[in-house]
Structures are given as C-alpha cells and as structure tokens.
Amino acid sequence: MGRDEVCILCGIRPYGGPSCFGATEEIIAQITDDVRAEGFTDRRLSPFDVPNMLREIFQQNLADLDPSYHASLHPGYDKDCIAIGHFDRGGGYEPCPHAGHALHPPGDDVEVRRVTDESTAASFITLVELVRGARVLHNAWTTCTTSGPSACNIWLHVGCWGHLQYWLACTRPPRAGRTGQPLSLAGELYELTASRAEPQDEYCGGLPAVDYGGALDAFMGTQYQDYILGPRRGARHLARALGAGKRGTDLVPALMEDVRFWMWARPDMWPRAPHAGPYDAPLGTEPAPQTAALCMLPNELLPELLQHCELDAVFALASTCRELYTRVLAQPTLADTLHRAAENRGSALRWVLPAPTLRVEWLAACDAMRTWLPAGAPPPLTFDEMEFDEEEDEDADFVPPESESDEEDDEGSMEEDEDEDALEEHMDAGADPSQDDAPTEDASPADDLSLPISDVPIPLPQDPSTLPLPLLPLFEPAFPLARFLDAVRTSASMRARRRRWGLVKQWDALFAAYRRDGWERDVFAPPGTVWAVGEDGVLRCQCEVGNGA
Ligand SMILES: [Zn+2]
Ligand SMILES: [Zn+2]
C-alpha cells in the first residue's frame, strides 16, 4: 500500500507539499463558522454565499488559480534526497536478533547516499552520483522506511541536509563512536534519531521530539500528505479579505494564508527586484524624531547587536526613532551585520544568506541578488578576477572560505588544511606537477619511500561542481540591502526558509542533549558485533549463534 513518509528535518514528503484542497462539506461549514467568529458580517450576503464561494474555489485546480503557487511546490535539487544508514543489495540490512530484540548497527560507518525516485514509503530505487557536476543514475534500492526490520536508516531532502550542515549550532564536540573516533554529522544524526526514547512515527516517519509546525496536519488522517486545508488555522485572513469586499476566487490568497501554504514553498528562491533600480529612495515612512537609549551606542556596536536579532526585530528597532532608522537600515551597517552572521553560527540572521554547502542554492541567490543592483553598476567581482597564488588557482578541490566540511568537524578540516600545507611543501621541494616527463621507471624503490604515491599532485580537469563560488552581490556597496531584506520578510520562499531554520534550531537542542547525555535508548548491537553482506546480498550480523552453531 502506498504511503508518504516525511523528511525527519522538515516534515515534508520527498517530492514536496500537498497539491489538493481536500475540502469536504464539513470543512466548508467549519471555515464559514470561523469567518463568522472573526466578526465578519455583510447584510448583502445570504448565509449560503460564503460556502458557495468556497465551493467554487475548491472545485478548481490550484495551478489554475495561481500558477506561482504551483511553481513553488517542489523541493528542488531534482527531488533528490540524502539517505543515511546501512544499505545492502535489498536497500537495508537485517538487525541482529541475538540479544532478544532487534539490534542495529551503530553510526560509525554509515553510508551517505544521494537517492531519488521514491517507489513507496521512503524506499528509493535510484542512486544519484554527481560526476563533475553531471547526474549519473544507477538502479539500486535504498530503504529508509520506519516500518519493517531496518528501521534506523533515515533520509532528508538534499536542501535539508545542506542546511543542517550550515546552520546547526552546537558548541559541544561530536560524540565518539565505537572506534573512539568522533562520529561524522551523518553518523550522529543516525544515532540520535534511532536512540530517541520516543522513536520516529511508524506511520509518517516524523520524530515526536520535533514540532513540525502543522506540516503533518496535511495528512488529514490518511496515508498521504495531500491536503492543503489540513494545516488551516482559523479564518482570520479570509474574514479580512471578505471585509475588504473581495469575493470568489479573489479570496484565494487570503485562504492560502490561513492554511499557511507558504510553508511548502521552496526555501531557496530569494526575492528578485520588482523593477529596475536604483533603490536609493527611503523605505516607507520614517518615524518621528525621538531619542532611544540605543542611540547612545557607538555605530560599531550596532552590527554586533543586530546579528542576534530576528529579521522582524531589526525592522522593529529601526522604526523606534528617526536616528535608529537611518543608522540601522544604512547599507554599511546591514552589510556588516550579515558578514557577522555568515561567520557566526549563533547569529539569528544566518538563514538570510545562502548556504555554501548547497552550490545550487548559492548560485540561485547570486542570480536573484544581482537583479537588485542598479543597472550600470560594475558587476560583482568574481573569483576569476581576484588575485590568487598560481598553485591555489590550480587546486581542483578548492573549498570556498565559508564552507564547512561534510563532517562538520572543525578539527577534521584543520587537518585537511595541514595536509594541503604539507602538499605545498612537497611542491616547493621540487615535486612539480607540470613535469610530465619526470622519469618514473628509473627511480629506485628507495627513492619512493620518502614520497608516497598518493602525495604526488596530479592535475585534474576542471570540475564544474568544485569551481569557486562567486561572491554574494549582497555585499556590493550599491546593493539596496534594506529594500532587499524587507522583501525577504514577505516572500513565501523566504518564510519557508525561516521555518526550516527554526526546525534546525530545534535540532540544535536535540544535538546538545545527545552530545551531552548520549543515547536515550540503546538500540545498537553490542560492541564487537561484525556486520557483513552474505552471498544472498543481505547485510546482517555475524554473531556465532547466528551461524547455525
Ligand atoms: Zn526536508
Ligand atoms: Zn547478531
């Protein structure tokens, strides 16, 4: 039987949010009651008019009512997902039954797969490999379903995984695995999820410790996350639109606000400029002059403070008095604030910036941001135009300055840096990669001992997926930051992004507890249990009792 399982991070199924209203006469009656409860009355309307207008809306296709909603209903990244766990030929593994319960392999050596084509509840049939930026597809099962024996494998949207890597703020070091080595972020996420006292919901896959903000209500008691009206809260916006004289399908935007439809939008579509710039005119009405105590702060302290404010709070602060309005919304102040947010995992504004862990997102953000620059402004400097050491220029494995390693392991990335330094030393010592004619066969084995073969730098062709990321147009002096951030506040995509950020902040707390206290529940096979794939292609434990002894 078909069934939807949701991403443990965002609570949305693999291929995006709901697409049909799911209206019944009962729901229409409830909405009508809610509209009345909001105080809306109009003597020119009969008691049947509002329900009739609702029926008229619900009979239509959402795509016909508003194509922009349809366009936003897609998780992006070719609907790819990230699967984390242990995968054999059948896509999962067989738990160890020898302690009286089903016990699972720990998170030490989890595999991280990019997968797509969900066949049924969290079982994917295609493996995606990115080779020099191109998608190479293989047929292979990957099973992450919460029901059935291999219940510890997990999956997330590609975007959710990238955002977790960039946004997770937990100052505690990663936990050590069975080998004593720190677990990777994937290994920790696997163990954390599997070891919760309240496990994943066996039906939809959500984690009870996470508040998905109504996303699971779109199931409306069925096995599919199909119903737009499920997450509805009241009829405040609908009543207001009716009060403003809107009728029929003109009520759709208000209705979509009441059902919080923005939460399904792709969270990586930054607002584009509504018209050609420049945008140097003041933003709205300036407040009356008045002196807030905050005005006593020196200018340099303002960005330090603002990086810890929610976006709405930044604008609220700006509206307290004329002096703060000018100082807070000034381009250099906001640019400095966002620079700090990019460098500080504790900043409340980090989500406004694209994640360097998601290349596609970064490029899309640059594209949208460029539309805000005044025509004729010099194009933003690209990495190509910046000065680099020649050796660095040839480095095909360039990692952008803001990016984090896959493992989220600061010590790990420092080690990598050291490796690079070591490599450069080798190169300085005369191991010139351009010397194609360097004799190899004549070299005696003794000569090679000092330089392991893996240390010899081999020039690689340019890989489009590892080219340096361009600089964000956001930090150009001519960028209208206040206007842009105001548009960010109201964009459906950015509201969905802020929602995902809030979800990652819930994981901050889950990770802090897990890194401090460890598992809430031990579901893992005892140390020393060996797992191996048998001739039948099944990954299972090799306990003696299991070998028919
Ligand atoms: Zn997700
Ligand atoms: Zn066993």
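Predicted model: local features only at pLDDT ≥ 70, side-chain atom pairs only at ≥ 80, totals over all residues.
Residues are numbered from 1 along each chain as its sequence is written, and chains are lettered from A and ligands numbered from 1 in the order in which they are written.

**The overall picture**

The protein has 18 helices and seven strands; helices (H or I, at least four residues) and strands (E, at least two) are DSSP runs, numbered from the N terminus. Out of 549 residues, 35% are buried, where buried stands for 20 or more other C-beta atoms within 10 Å of a residue's own, with C-beta atoms placed from the backbone. Of the contacts with a separation of 6 or more, 77% come from residues 24 or more positions apart. A contact here is two C-beta atoms, placed from the backbone, within 7 Å.

**The sheet**

Five strands line up as β4-β3-β2-β1-β5 in an open sheet with antiparallel pairing. Two strands pair if DSSP finds at least two bridges between them. At the edges sit β4 (134-143) and β5, each pairing on one side only. On average, neighbouring strands are turned by 40 degrees against each other, direction ignored.

β1 is mostly covered, with five of its five residues buried. C81, A83 and G85 point one way, I82 and I84 the other.

| Partner of β1 | Bridges | Direction |
|---|---|---|
| β2 | five bridges | antiparallel |
| β5 | four bridges | antiparallel |

Among the pairs towards β2, I84 has V112 as its bridge partner, and C81 has V115. On the β5 side, I82 stands opposite L156.

**Helix α5, tucked inside**

Now for α5 (residues 158-167): nine of its ten residues are buried, so the rest of the structure largely encloses this helix. The buried ones are V158, G159, C160, W161, G162, H163, L164, Q165 and Y166. They pack against β1 (81-85), β2 (111-120), β5 (154-157), α6 (185-194) and α18 (492-517).

α5 packs on the sheet, touching β1, β2 and β5, and its direction makes about 90 degrees with that of β5. Angles run from 0 to 180 degrees between N-to-C directions, and axes are lines fitted to C-alpha atoms, for helices over the stretch in contact. α6 also lies across β1, β2 and β5, at about 70 degrees to β1.

**Where α5 meets α18**

The axes of α5 and α18 come within 10 Å and cross at roughly 60 degrees. These two helices are therefore oblique to each other; oblique is what remains once angles under 35 degrees (roughly parallel), over 145 (roughly antiparallel) and 65 to 115 (roughly perpendicular) are taken out. α5 supplies C160, H163, L164 and W167 to the contact, and α18 supplies R500, W501, V504 and W507. By class, that makes six nonpolar, one polar and one charged residues. Nonpolar covers Ala, Val, Leu, Ile, Met, Phe, Trp, Tyr, Cys and Pro, charged covers Asp, Glu, Lys and Arg, and the others, Gly among them, are polar.

Note on methods: Buried ≥ 20, exposed ≤ 12 C-beta atoms within 10 Å, placed from the backbone.
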